[in-house]
Amino acid sequence: MRKIKVGVIQQNNVADLRTNLMNLAKNIEECVAHGAQMVVLQELHNSLYFCQTEDTKLFDLAEPIPGPSTGFYSELATANHIVLVTSLFEKRAPGLYHNTAVVFDTDGSIAGKYRKMHIPDDPAYYEKFYFTSGDIGFEPIQTSLGKLGVLVCWDQWYPEAARIMALKGAEILIYPTAIGWDSNDTKEEQDRQLNAWIISQRGHAVANGLPVVSVNRVGHEPDLSGATGGILFWGNSFVVGPQGEFLAQAGNERSENMIVEVDLERSENVRRWWPFLRDRRIDAYEGLTKRFLD
């Protein structure tokens, strides 16, 4: 059976980039010490979540790919002989930037990258100011451990993205994430948002017969503009199997590493029991390419 051990790093970031990088390196090594063969990091893990405000100076955080950060994570992947899923602020050209996941194989080579396709623009999540929507499409990334369907945060609300990755042969869906509560949210609203986030991704697992790995930030990060009270990232990173069954789930208050065994062959049996792909009415879905059907 094709079982792999996945390391999930849920981290509380600080303003100092070097501290974040050193903490990530330490946590990666800790995951490897406990048997991890693949490690997944949260969205935009090098820094604080800078999209809470619109500030042109923050474009200085972006880097080319390949660049300094890809060199750093390539060395970590090589030294620890792991597949490593990262999330970087890519400078593609002057004035052209992307939110880009970069996957390294066990030899440190870049196995592939994915540019975030769905870009939000909401209070405290002003990502359209910083990121151009991805133009690579929904293409799984082949690694020595399997074919990864890597998507990023806001993508996780779109069943179309998960389905296309599945139809192109992804063996596991992976979501680096940065999502949390507004300081004004009531406890009831917090619960509704968190449960919707979890249910949506578990639904992708069930509908496609694939395991899902979702890695979120944790901890409070201030809004440097002072316009809001900042974001309390809700953590709750989790891994589910192809029937949406929980394999592991982190808490919502602290940094946490998890090592989770994922059986990539289980999807074959689940898809035999529930042959959703067989029964799709592909002759009747043309409306999905429309913005709205009047």
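What share of contacts in the protein chain between residues at least 6 apart in sequence join residues at least 24 apart? The share is 68%, where contact means heavy atoms within 4.5 Å. This is a predicted model, in which local features need pLDDT of at least 70, side-chain atom pairs count only at pLDDT 80 or more, and totals for chains, interfaces and linings use all residues. Residues are numbered from 1 along each chain as its sequence is written, and side-chain values use heavy atoms, with hydrogens and water left out.

**View 1. The whole protein chain.** Six helices and 17 strands make up the secondary structure of the protein chain. Helices (H or I, at least four residues) and strands (E, at least two) are DSSP runs, numbered from the N terminus. The radius of gyration is 18 Å, close to the 19 Å that the globule rule gives for 294 residues, so the protein chain is as compact as a globular protein of that length. This radius is taken over C-alpha atoms, and the rule is 2.2 Å times the number of residues to the power 0.38. Along the principal axes, the C-alpha atoms fill a box of roughly 55 × 50 × 40 Å. Of the 294 residues, 51% count as buried. Buried means under 20% relative accessible area, exposed over 50%, and partly exposed in between (1.4 Å probe, protein chains only).

View 2. Strand β3 spans residues 83-93. Eight of its eleven residues are buried, so β3 is largely enclosed by the rest of the structure. Two strands pair if DSSP finds at least two bridges between them. Strand β2 (residues 38-40) runs parallel to β3, joined by three bridges. Here Met 38 stands opposite Val 83 in β3. Strand β4 (residues 96-104) pairs with β3 in the antiparallel sense, over nine bridges. Ala 93 stands opposite Leu 96 in β4. Two residues lie between the strands of the β3 and β4 hairpin, where Gly 95 takes a positive phi near 80°.

**View 3. Helix α4 and its cover.** Helix α4 covers residues 159-167. Its buried residues are Ala 161, Ala 162, Arg 163, Met 165 and Ala 166. Strands β5 (110-115), β9 (146-150) and β10 (172-176) are among the elements that cover them. Helices α5 (187-208) and α6 (266-273) are also included in that cover. Just after α4 comes Gly 169, with a positive phi of about 100°.

**View 4. The loops on either side of α2.** Pro 66 sits in the loop between β2 and α2 (68-80). A cis peptide bond joins Pro 66 to Ile 65, with omega of about 0°. The loop between α2 and β3 holds His 81. His 81 is not a glycine, yet its phi is positive, at about 50°. With 57% relative accessibility, His 81 counts as exposed.

**View 5. Ala 124 in its loop.** Ala 124 lies in the loop between β6 (121-122) and β7 (125-126). Its phi is near 75°, a positive value in a residue other than glycine. Ala 124 is buried, with a relative accessible area of 5%.
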